[in-house]
Amino acid sequence: MVRTWAEKEMRNLIRLQTAGIPSPEPLLLRSHVLLMGFIGKDNVPAPLLKNASLSESKARELYLQVIQNMRKMFQEARLVHADLSEFNMLYHNGDAYIIDVSQSVEHDHPHALEFLRKDCSNINEFFVKHGVAVMTVRELFDFITDPSITSQNIDQYLDKAMVIAAERTSEERSSQDGVDEEVFKKAYIPRTLTEVSHYERDVDLVRTQEEESAISGQNDNILYQTLTGLKKDLSGVQTVPALLEDDCSSSQEEEEEEEEEEEEEEQQSEDAQMDRKERKKMVKEAQREKRRTKVPKHVKKRKEKVAKTKKGR
């Protein structure tokens with residue numbers, strides 16, 4: 001059994017290293033003994049995050065780092081830690097190193113999403129104690145599992161999510177967490193659409209007025225939309241995070257306005273160019289008409305010579 005856990009620890013640490021998550025480097029596995037890289041300075045091991053002295057600004061920075069590493073662990077390493085807390089992270093050189101991943105599970109584990117919810121709850125509880133305005137457990141869970149979040153929009157997503165969190169009072173956050181906690185405890189969350197038993201019924205539910213108001217408050221009873229990459233109303237694929245839809249709509253409107261302005265400028269430029277062409281054409285026609293009625297030089301000179309001769313007589 002011990003050997004199996006050592007093998008699992010090594011395998012999972014390799015996944016974390018591949019995903020670029022701060023963690024011990026696995027060096028050698030012999031039977032039940034796993035040799036890892038030392039994390040510390042001057043032969044002094046790095047302290048647990050629990051024992052680290054953190055300012056409020058540093059705690060906020062670490063919170064953002066940890067939740068992004070939780071997302072990397074889920075999306076890239078395809079793992080859920082299943083016991084993530086301040087007791088299973090080391091604080092070294094300003095970073096939080098994730099350790100103790102022998103109990104980590106893959107997505108297809110029957111309790112993977114329950115473990116992830118617990119990890120989210122543990123992380124929030126620790127950073128709240130350090131004065132960080134954290135997301136709710138549900139918001140953090142959605143951030144980690146949302147497939148529509150990409151490297152292009154993750155910074156924008158986090159900026160907006162943290163602004164929302166900062167505007168929420170601690171009482172509101174606790175109340176929201178309490179509601180979400182109860183929903184998560186009682187609700188079954190399908191990991192894939194193949195596990196959804198009554199999709200048509202769910203579609204009908206979200207179309208009712210009650211569900212629409214619930215969706216706007218993010219307290220809907222259908223919990224698999226974000227995880228499976230669907231829109232809140234289950235009408236199709238969510239191509240951008242729901243949190244950024246308004247921003248994307250505004251940006252799209254601005255782009256459309258800019259395109260319209262550019263088209264108008266191009267049209268004006270074309271009209272001006274056409275006007276120049278018309279004027280040039282008219283000048284050429286006038287010059288052509290003038291040349292048509294113009295007396296040739298040799299004829300004009302002959303007439304002048306004849307006129308002088310007659311005058312001399």
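Predicted model: local features only at pLDDT ≥ 70, side-chain atom pairs only at ≥ 80, totals over all residues.
View 1. Residues are numbered from 1 along each chain as its sequence is written, and side-chain values use heavy atoms, with hydrogens and water left out. Here β1 (residues 26–30) pairs with β2 (residues 33–36) in the antiparallel sense over four bridges. Strands are DSSP runs of E, at least two residues, and helices are runs of H or I, at least four, numbered from the N terminus; pairing takes at least two DSSP bridges. Two residues sit between the strands, and Ser-31 in the turn has a positive phi of about 55°.

**View 2. Helices α2 and α3 cross at roughly 170°.** Their axes (lines fitted to C-alpha atoms over the stretch in contact, with angles from 0 to 180 degrees between N-to-C directions) come within 11 Å. The two helices are therefore roughly antiparallel, a label for angles over 145 degrees. Contact, meaning heavy atoms within 4.5 Å, involves residues including Leu-62 and Phe-74 of α2 and Ile-123 and Phe-127 of α3.

**View 3. The largest cavity holds about 50 Å³ of space.** A cavity is a set of points on a 1 Å grid over the protein atoms alone where a 1.4 Å probe fits but cannot get out, and lining residues have an atom within 4 Å of a point. Volume is the space filled by probe spheres set on points joined across faces, edges and corners. Among the lining residues are Met-70, His-81 and Asp-119. Helix α2 gives the largest share, three residues.

Definitions and conventions
1 Å grid on protein atoms, 1.4 Å probe; cavity = no way out; pocket = protein on both sides within 12 Å on 5 of 7 lines; lining within 4 Å. Parallel < 35°, antiparallel > 145°, perpendicular 65-115°, else oblique.
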